[in-house]
Amino acid sequence: MGQDEPPGVRVIRVVEPDPRWPVRFGELGRRLRQALGDVAVRIDHIGSTAVPGLAAKPVVDIQISVARLEPVEPFRVPQVGLGYVYRAGNPERTKRYFREPPGEPRTHIHVRRAGSFSEQFPLLFRDYLREHREAAEHYAAVKRRLAARHPHDGRALLADHPAGGRVGADDRMVSRAERRLRPPDGGAGISPQLPAPEQKAKPSLLHGWFGG
């Protein structure tokens, strides 16, 4: 922390990629899968730390897909049992939001309804960046500029979670990703790594998701 940084104020940092990010997701994902069982349709590593070689804020973002968001108890109770903190007041109503246990590295858990736009779009965006290196590098440059310009304003750094309309940092790139991944019939699109809810799969760190 620099001399000009008030104590207790979060400073937004975009850092070089860390090979420990997918490892940490693997560890957390296994615990979440064990605790949630069939309540979780799938568990994914999303956000910039899920894209190999991409600079990012040092935050592991995890998306848990569920059949429904209400009632919350089927997924809230197991996560609270693991020490996660439920943020009931989160204003984004297309998800339910949890944070890391006290004292643990910063982790964001986003619970979204399986098959919804808000659930699929982070997967589509992640997959697009994984496949398009030039776009990923441009995305990282945008985040670095915003972090330098607004080091204490997390809302100004709009990048890591495109779902929920927070894509103002680069709408054009998001639009290209959506067009690229939309099927010919004009449907909503589906990630190549997104299995049907009834499909079972073994945990896979290669693809960054834990099937049901």
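Me: Is Pro151 buried, exposed or partly exposed, and at what relative accessibility?
Reply: Pro151 counts as partly exposed, because its relative accessibility is 28%. Buried means under 20% relative accessible area, exposed means over 50%, and partly exposed is in between, with a 1.4 Å probe and protein chains only.

Me: Before I go on, what sort of model is this?
Reply: This is a predicted model: local features need pLDDT of at least 70, side-chain atom pairs count only at pLDDT 80 or more, and totals for chains, interfaces and linings use all residues. Residues are numbered from 1 along each chain as its sequence is written, and side-chain values use heavy atoms, with hydrogens and water left out.

Me: OK, back to Pro151. Where does it lie, and what is it in contact with?
Reply: Pro151 lies in the loop between H4 and helix H5 (171-181). Leaving aside neighbours within four places in sequence, Pro151 is in contact with Arg10, Val11 and Ile12. Contact here means heavy atoms within 4.5 Å.

Me: How far apart are Pro151 and Val11?
Reply: They are 140 residues apart in sequence, but 5.5 Å apart in space, C-alpha to C-alpha. For the protein, 65% of the contacts between residues at least 6 apart in sequence join residues at least 24 apart.

Me: Let's zoom out. How many helices and strands are there?
Reply: The protein has 5 helices and 6 strands, in the pattern α-β-β-α-β-β-β-α-α-α-β along the sequence. Both kinds are DSSP runs numbered from the N terminus: helices are H or I with at least four residues, strands are E with at least two.

Me: And what percentage of the residues count as buried?
Reply: Of the 212 residues, 46% count as buried.

Me: Now H4. Why does its span agree with what it should be?
Reply: H4 (residues 133-149) has 17 residues, so at 1.5 Å a residue it should span 24 Å, and its end C-alpha atoms are 24 Å apart. The expected span is 1.5 Å times one less than the number of residues.

Me: Which residues of H4 are buried?
Reply: Ala135, Ala136, Tyr139, Ala140, Val142, Lys143, Leu146 and Ala147. They cover an arc of only 160° around the axis, which puts them on the same side of H4. That arc is taken from the directions from the helix axis to the C-beta atoms.

Me: What about the face turned away from that buried side?
Reply: That face of H4 carries the exposed residues Glu134, Ala148 and Arg149.

Me: Switching to the strands. Why call S4 largely enclosed?
Reply: Because 5 of the 5 residues of S4 (residues 95-99) are buried. Lys95, Tyr97 and Arg99 point one way from S4, while Arg96 and Phe98 point the other way.

Me: Which strands does S4 pair with?
Reply: Strand S3 (residues 85-86) pairs with S4 in the antiparallel sense over 2 bridges, and Tyr86 stands opposite Phe98. Strand S5 (residues 107-113) also pairs with S4 in the antiparallel sense, over 5 bridges. There, Arg96 has Val111 as its bridge partner, and Arg99 stands opposite His108. Two strands count as paired if DSSP finds at least two bridges between them.

Me: What else pairs with S5?
Reply: S2 does, in the parallel sense over 7 bridges. Gln63 has His110 in S5 as its bridge partner. S5 is largely enclosed too, because 6 of its 7 residues are buried.

Me: Which residues have the most contacts inside the largest nonpolar core?
Reply: Leu32, Ile43, Ile62, Ile64, Ile109 and Val111, in a core of 19 residues. Helix H1 (20-36), strand S1 (40-46), strand S2 (60-66) and S5 each give two or more residues to this core, and H1 has the largest share, 5 residues. A nonpolar core is a set of buried Ala, Val, Leu, Ile, Met, Phe, Trp, Tyr and Cys residues joined through side-chain atoms within 4.5 Å.

Me: What is Leu32 in contact with, leaving aside neighbours within four places in sequence?
Reply: Gly37, Ile43, Ile62, Ile64, Gln79, Leu82, Tyr84 and Ile109. A second, separate core of 13 residues includes Leu129, Ala136, Tyr139 and Ala140.
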